Each structure stands twice: as structure tokens, then as C-alpha cells.
Amino acid sequence: MRHAIENIQQKIMSWIAKSAWPDRNDQLLIGAIIKNNDEAKLNWRTWKSKNNFDGISWGEHKLFVHLAARMIEIDPACELRPRIEGMAKSHWTRSQLILHASQKAVDILLEKKIEVMLLKGSAMTFVVDKKTGPHVSGDIDILVKRESFKKAIEILYKHGWHNLEGSMEAACLLSYLDSGVNLTLGPYGNIDVHHQPFKGQRMTDDMLKRLWTRATPVTWGDKQLYVPS
């Protein structure tokens, strides 16, 4: 029985690893973005020969934002270049609107003395790497301490933020079913409030305590918050 369980666990971990790895199309686009000119040109030609630009996924949209800056090097006469460069500008503009609107939720929580940790793209792009290049985001992901989660949701609800699928009470209960809850405000405010950074198995309080203990304090604009170590 133990061997059977271990075999199932290995299969699950293998499936998770494969699902997280970029597929062949994404690998071609990533190569077109990061490789030297000759290899990048080959990757881009291969992608064009196998795909229809009108049918790209959201993940590919985000990659094309980074590819736009290389089009002048790898395929300056490409008929898709004006569309790709225009799409990149559009995504950048929308991302700035979302970022500006969603930062207000972070401000509210900090004013109420709730500690906030930035996750995912916000942590990497805006704080750790300090990049000034394009960034495409549909929301901001933040982590609050589990004991502060319910209070954080209640505070944001009182300021007009809400979950599209339910009441404030239902949003608070999501901490038992998911890693967090999505809240929106107006056309651009969009924030995922997490009590643990990952979906799946519920992390223990001790694991979360160690995550917070090791977190790196940072300044984001005039805000004092954290990013994962």
C-alpha cells in the first residue's frame, strides 16, 4: 500500500512539473525574446509557421509584450509588427491603470496596521528586480497574515471593494477553501488577497510564520511592506 501511495505521489508531482513548464509554443516565443539574434529569428520564424496570431492565449499576449521590443531586430518588415507593438502599448497602459487603482487597497490595509507582502509579478518586477521595462498584469497579488485575513477583507469591503461571486462573509470563508480571494473596485481595481502564497494543501501556521520571519522588508514608493525572501 505504501509503495502504491508513493507511486501516485510521484505521478502527481510529475504532472505538476509538466503543467508548469512552458509548452513548445511558449518556448519558441521565449527564445525569440531572450536568445541572440540568429537563434531568436529562427524561433520567431518557427512560431509564425505553426501559429495564428489571431488565436493567441493570454499567456502568449504577455510574452508578446516583451517580444515587441525585439521585432526591429529579428523581423523589422514583419506584417504583424505594428499589431504586436500596438498591443504591447495597450497592455502596458491598462496594466498601469490597474496598478494605480489596486495600490489603493494596499494603502488602506497599511493605514489599518495590517502587514502586507507583495507576491508574484509585483514583488519581482516592481521591487526585487526594479525593472522599468514592460509589465503586463491583470491584478496585484498580496499576502496578509492568516490571523489578519478576515479583518483585511472586512476593511476592504467597507471601502467599496468586493468579490464578484459573493458577500463579505462568503469572501472571508474562502480562506478555508482557497489560498485567498479576489476583490475588485471600479473598472481597474483588482487585487488578490492571500492568506498563503500557494493554492492546494493548506499550509500550517508554523510554515507561514517562517515565511513571514524570513521575508525581506522593502520600500515601494512611500510604502513599507515585504517581499518573500
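These legends describe several close-up views of one predicted protein model. Residues are numbered from 1 along each chain as its sequence is written. Because the model is predicted, local features need pLDDT of at least 70 and side-chain atom pairs count only at pLDDT 80 or more, while totals for chains, interfaces and linings use all residues; side-chain values use heavy atoms, leaving out hydrogens and water.

**Figure 1**
Helices (H or I, at least four residues) and strands (E, at least two) are DSSP runs, numbered from the N terminus. Of the 229 residues, 40% count as buried. Buried means under 20% relative accessible area, exposed means over 50%, and partly exposed lies in between (1.4 Å probe, protein chains only). A contact means heavy atoms within 4.5 Å. Among contacts between residues at least 6 apart in sequence, 61% join residues at least 24 apart. The accessible surface comes to about 14,000 Å². Carbon and sulfur atoms hold 56% of that surface. Accessible areas come from the Shrake-Rupley method with a 1.4 Å probe; for residues, only the protein chains shown count as cover.

**Figure 1. Helix H4 packs its buried residues against other helices.**
H4 covers residues 58-67. Glu-60, Leu-63, Phe-64, Val-65 and Leu-67 are buried here. The partners of these buried residues are helix H2 (24-34), helix H3 (37-50), helix H5 (71-74) and helix H6 (81-111).

**Figure 2. Asn-37 is found in helix H3.**
Asn-37 is partly exposed, with a relative accessible area of 34%. Not counting residues up to four places away in sequence, Asn-37 touches Arg-70, Glu-73 and Ile-74. Asp-75 is 38 residues from Asn-37 in sequence. In space, their C-alpha atoms are 9.9 Å apart.

**Figure 3. Lys-113 has a positive phi.**
The value is near 65 degrees, in a residue other than glycine. Lys-113 sits in the loop between H6 and strand S1 (117-118). Lys-113 counts as exposed because its relative accessibility is 74%.

**Figure 4. A salt bridge joins Arg-146 and Asp-205.**
A salt bridge is a side-chain nitrogen of Lys or Arg within 4 Å of a carboxyl oxygen of Asp or Glu. By this rule the count comes to 11 salt bridges. In the bridge between Arg-146 and Asp-205, the closest N and O atoms are 3.1 Å apart. The pair links distant parts of the chain, 59 residues apart. Arg-146 is in helix H8 (residues 146-158), and Asp-205 is in helix H10 (residues 205-214). Arg-146 counts as buried because its relative accessibility is 17%. Asp-205 counts as exposed because its relative accessibility is 56%.

Asp-206 is partly exposed, with a relative accessible area of 47%. Arg-210 is partly exposed too, with a value of 41%.

**Figure 5. The side chains of Asp-222 and Lys-223 meet in a salt bridge.**
Their N to O distance is 3.8 Å. Salt bridges that share partners join Asp-107, Asp-222 and Lys-223 into one network. Asp-222 counts as exposed, at 69% relative accessibility. Lys-223 is buried, with a relative accessible area of 11%.

**Figure 6. Leu-173, Tyr-176 and Leu-177 form a nonpolar patch on the surface.**
Patches are made of residues with over 30% relative accessible area and no salt bridge: like charges are joined within 9 Å, nonpolar side chains (Val, Leu, Ile, Met, Phe, Trp, Tyr) within 5 Å. Together, the three residues have about 410 Å² of accessible area. Tyr-176 lies in the loop between helix H9 (168-173) and strand S3 (180-185). Tyr-176 counts as exposed because its relative accessibility is 61%.

**Figure 7. The second largest pocket is lined by 14 residues.**
On a 1 Å grid over the protein atoms alone, a pocket is an open set of points where a 1.4 Å probe fits, with protein on both sides within 12 Å along at least five of seven lines; lining residues have an atom within 4 Å of a point. Grid points are joined across faces, edges and corners, and a volume is the space filled by probe spheres set on the points. This pocket has a volume of about 270 Å³. Asp-178, Ser-179, Asp-192, His-194 and Lys-199 lie nearest its centre. S3 and strand S4 (189-194) each supply at least two lining residues. The largest share, 3 residues, comes from S3.
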